[in-house]
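Here is my note on the model you sent. Please read it with the structure open.

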Amino acid sequence: MHLFFILPSTGFLGWQLRAMNSTLFIIGVIGNIISVLVFVSPIPTFWRIVRSRSTEDFEAAPYVLTLLNTLLWLYYGLTKPDGLLIATVNGFGAVMETIYIALFLIYAVDNAKRVKTAKLVAVLDIGFFGVVFAATTFAIGGLDMKIMVIGLICACLSVFMYGSPLTAVRTVIASRSVEYMPFFLSFFLFLNGGVWATYAILDKDVFLGVPNGIGCFLGGIQLVIYAIYRNSKVGSQSHDSDEAAYDASASLLSSEAGRHGQNDVSARV
C-alpha cells in the first residue's frame, strides 16, 4: 500500500494499487459500521438497569473482558501503520464498554458485586493492559516486533471470545431450542467476522485475519444450528437470555469483542 504514494501514476500497477487501497478502505468502513451496531446492542439492557436502578442478576465480567479486548485492538491499531480503521472502531467500543461498566458500578445490586466488578477492572483492564503496554513500550525494540507481540495477544484473546458462543450451541442442541441463540446476533457474528477477515486478507494482516476467520466460521456453524432447530418449540425467555444475547455480540470485535452467554463467560474469567 505504501507504493501507492510513491508511484501514483505508473500505469496499470498504479491503478491496481489505488483500487486495492480504495477497496480496503470501503471494507474497513463497512466493518466499522457493523461493529458499532454490535457495541450499541446492549443499550436496551442498560436502559433497563438504569430504570430499575439495579443490575439484578446481570454479570459485569463479559463487559470487562470486552473492554480489555477493545483496548488491546485500539493499541494495535494505533501502533500499526495504516491501522486507523482498526483504532477508530475499537476506540468507540472502549468508550461504550467503559460506560457500561460504570453503570454496573453505580447500580450494582450490592456492595459485594460492586467490589467484584472493580477488582476485575483493576486486574484485567488496568493491570493486564498496563503490563502489555509497558512491556511493548519499554522492553521491546523495533516497530515490527512490537506489532507482532501486540497482534499475537489480540488474536489469542479474540479467538477465546469467538469460541465462547460454542457453549450456547451446546445448550441449543441439548434443549432443541434456539431461545438462547438469537438469530441476528449469530448473523452479525458471521458477518462481522467475514468482513474483518476480508479486510485482513487485503491488508495482509494475519493477526486480524485468523481470529475473524475463525469467528466467521463459528458464526456460520451457529446459523446452521439455528436453521436446524428454529422450528423447535421455544420456551418463555427470561432476562438471562438478554445477557446471553449481548455476550454473543460482545465477542465480535472488534473487535469489538464479542458475544456469548454471560454466565458462561464470567465463569471462564
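The points below cover charge pairs and a surface patch in this predicted model.

1. Salt bridges overall. The structure contains four salt bridges. Side chains of opposite charge can pair when their charged atoms come close.

2. K80 with D203. These two form a salt bridge, with the closest N and O atoms 2.5 Å apart. K80 sits in the loop between α4 (61–79) and α5 (84–106), while D203 belongs to helix α9 (residues 183–203), so the pair ties together parts 123 residues apart in sequence.

3. K80 with D205. The side chains meet in a salt bridge at 2.6 Å, N to O. D205 is in the loop between α9 and α10 (206–229) and K80 in the loop between α4 and α5, so this pair ties together parts that are 125 residues apart in sequence.

4. The network. Salt bridges link K80, D203 and D205 in a network. Are its members buried or exposed? K80 is buried, at 12% relative accessible area. D203 is buried too, at 13%. D205 is also buried.

5. E56 with R48. Their side chains meet in a salt bridge, 2.7 Å from N to O. E56 is partly exposed, with a relative accessible area of 24%. R48 also counts as partly exposed, at 26% relative accessibility.

6. Nonpolar patch. F25, I26, V29, I30, I33 and L37 make a nonpolar surface patch of about 550 Å². One of these residues, I26, is found in helix α2 (residues 11–40).

Definitions and conventions. Residues numbered from 1 in each chain as written. Predicted model: local features only at pLDDT ≥ 70, side-chain atom pairs only at ≥ 80, totals over all residues. Heavy atoms only, no water. Patch = residues over 30% accessible without salt bridge, like charges linked within 9 Å, V, L, I, M, F, W, Y side chains within 5 Å. Areas by Shrake-Rupley, 256 points an atom, 1.4 Å probe, with all protein chains shown as cover. Helix = DSSP H or I, 4+ residues; strand = E, 2+ residues; numbered from the N terminus. Buried < 20%, exposed > 50% of the residue type's maximum accessible area, 1.4 Å probe, protein only.
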